[in-house]
Amino acid sequence: MTSYAAAGVDIDAGERAVELMKAKVARARRPEVVDDASGFAGLFDASALLGYRRPLLTTSTDGVGTKVMLAQRLGKHDTIGIDLVGMVVDDLVVCGAEPLFMTDYIACGKVVPERIAEIVGGVAEGCRLAGCALVGGETAEHPGAMGADEYDLAGAATGVVEGDELLGRDRVREGDVVLALASSGVHSNGYSLVRHIIAQAGLSLEDQPAELGRTLGEELLEPTRIYALDCLELTRATEVHAYAHITGGGLEGNLSRSLPPTLDALLDRSSWTPPAIFGLLAGHGKVAQADMDRTFNLGVGMAAIVAPEAVDPALALLAKRGLPAWVLGEVVPGTGVARYR
């Protein structure tokens, strides 16, 4: 006789993983979450939206790419979920939306309950940092399709924004100022190039370059900064016209998406010094500046386009919240692109 367990799927392990993660998931909760005794779906009380004049629901989905491979190599699984939340919810915030709830999906070669609980614990912590609820998820065991220690994760989130407060290119005006909000490091984009450089240069994740002050692996697994609450507060307190989440495509590619076709963002490269990890990668990989610009955030994880009179109060607010920020450039007549001086 054969069985599901003999085929490589351990239902008991999956149930133990659920038990281990319950306390962590409970930290990522909002008052609008309604318990579903069946456990088949997450419930969210939509009457919370009745206070809106014209609520627009927003949604976003993403993963963390090949950064998971470094987490697996280092056996550190408790922060990769934070990366997932950052990649998903900060896309919602770009239009001014408040993230409400999120679900996650983990596919793995073998369910190791403690490992799954660590991953989901990171997702829950990310949701807490973003102010949204983790209302459900799924873990799938794929023996044969993935190695026993391999996994991948993805997620989706829903948010809401008042219809007449929607941020974006239509609000951007000539003379607006572009603010840079610092990244925490490489975040979750460009890791295929990162891994290629490590392999080609013969680097080890245990190396401790002097300029980093910690191991290369620790630097590369630094969690993605989550900007949701900072951006929402900035929008409430000052005149923000648009945001750009700096992910794949870099600063120029993503900021261009938030510009109208008649205006450019003229950026000053001398306004900041990229964190040391980017110089290390460029040097060991002999990567041209243009490729660095297109692949990495280079130290700017989010950009805000604000009215000129909002610059000083915006920088003061962000400093008070512990988020480094600076004037990156200005909006000038053009053809809808972000470019360096």
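Which domains does the domain assignment of the protein chain give? There are two entries: domain 1, made of 9-35 + 55-162, and domain 2, covering 169-340. Please keep in mind as you look around that this is a predicted model.

**How the two domains meet**

- Taken over C-alpha atoms, the centres of domain 1 and domain 2 are 24 Å apart.
- Domain 1 brings 28 residues to the contact, and domain 2 brings 26 residues.
- The size of an interface is often given as the accessible area lost when the parts come together.
- Here, about 2,300 Å² is buried between domain 1 and domain 2, and carbon and sulfur atoms give 71% of that area.
- Nine residue pairs are in polar contact across the interface of domain 1 and domain 2, counting pairs with both residues at pLDDT 80 or more.
- Zero salt bridges are found across this same interface of domain 1 and domain 2.

**The side of domain 1 that touches domain 2**

- Four elements each supply at least two residues to this side of domain 1: helix H2 (67-74), helix H3 (80-93), strand S4 (98-108) and helix H4 (113-130).
- Helix H3 gives the most, with nine residues.
- By residue type, the side of domain 1 that touches domain 2 has 15 nonpolar, six polar and seven charged residues.

**Salt bridges in the structure**

- Side chains of opposite charge can pair when their charged atoms come close.
- Asp78 and Lys76 pair through their side chains, with 2.9 Å from N to O.
- Asp78 counts as partly exposed because its relative accessible area, 36%, falls between the 20% and 50% cut-offs.
- Lys76 is also partly exposed, at 36% relative accessibility.
- Asp264 and Arg339 form a salt bridge too, and their closest N and O atoms are 2.8 Å apart.
- This pair links distant parts of the chain, since Asp264 sits in strand S9 (residues 263-267) and Arg339 in strand S12 (residues 338-340), 75 residues apart.
- Asp264 is buried, with a relative accessible area of 3%, whereas Arg339 is partly exposed at 33%.
- Another salt bridge joins the side chains of Arg269 and Asp293, at 3.0 Å from N to O.
- Arg269 lies in the loop between S9 and helix H9 (276-285) while Asp293 lies in helix H10 (residues 289-295), so this pair ties together parts that are 24 residues apart in sequence.
- Arg269 is partly exposed, at 34% relative accessible area, but Asp293 is buried, at 7%.
- Arg53, Glu162, Asp164 and Glu165 are linked in a network of salt bridges.

**A look at Asp104**

- Is Asp104 buried or exposed? Asp104 is buried, because its relative accessible area of 9% is under the 20% cut-off.
- Asp104 belongs to strand S4, one of the elements that supply at least two residues to the side of domain 1 touching domain 2.
- Which residues are in contact with Asp104, leaving aside its neighbours within four places in sequence? They are Leu84, Val120, Val123, Leu134, Gly136, Gly137, Glu138, Ala154 and Gly155.

Note on methods:
Residues numbered from 1 in each chain as written. Predicted model: local features only at pLDDT ≥ 70, side-chain atom pairs only at ≥ 80, totals over all residues. Heavy atoms only, no water. Domains from an automatic or database assignment. Contact = heavy atoms within 4.5 Å. Buried area = accessible area lost by both parts, 1.4 Å probe. Salt bridge = Lys/Arg side-chain N within 4 Å of Asp/Glu carboxyl O. Polar contact = N/O pair within 3.5 Å; in protein donor to acceptor, adjacent residues only side chain to side chain. Nonpolar A, V, L, I, M, F, W, Y, C, P; charged D, E, K, R; others polar. Buried < 20%, exposed > 50% of the residue type's maximum accessible area, 1.4 Å probe, protein only.
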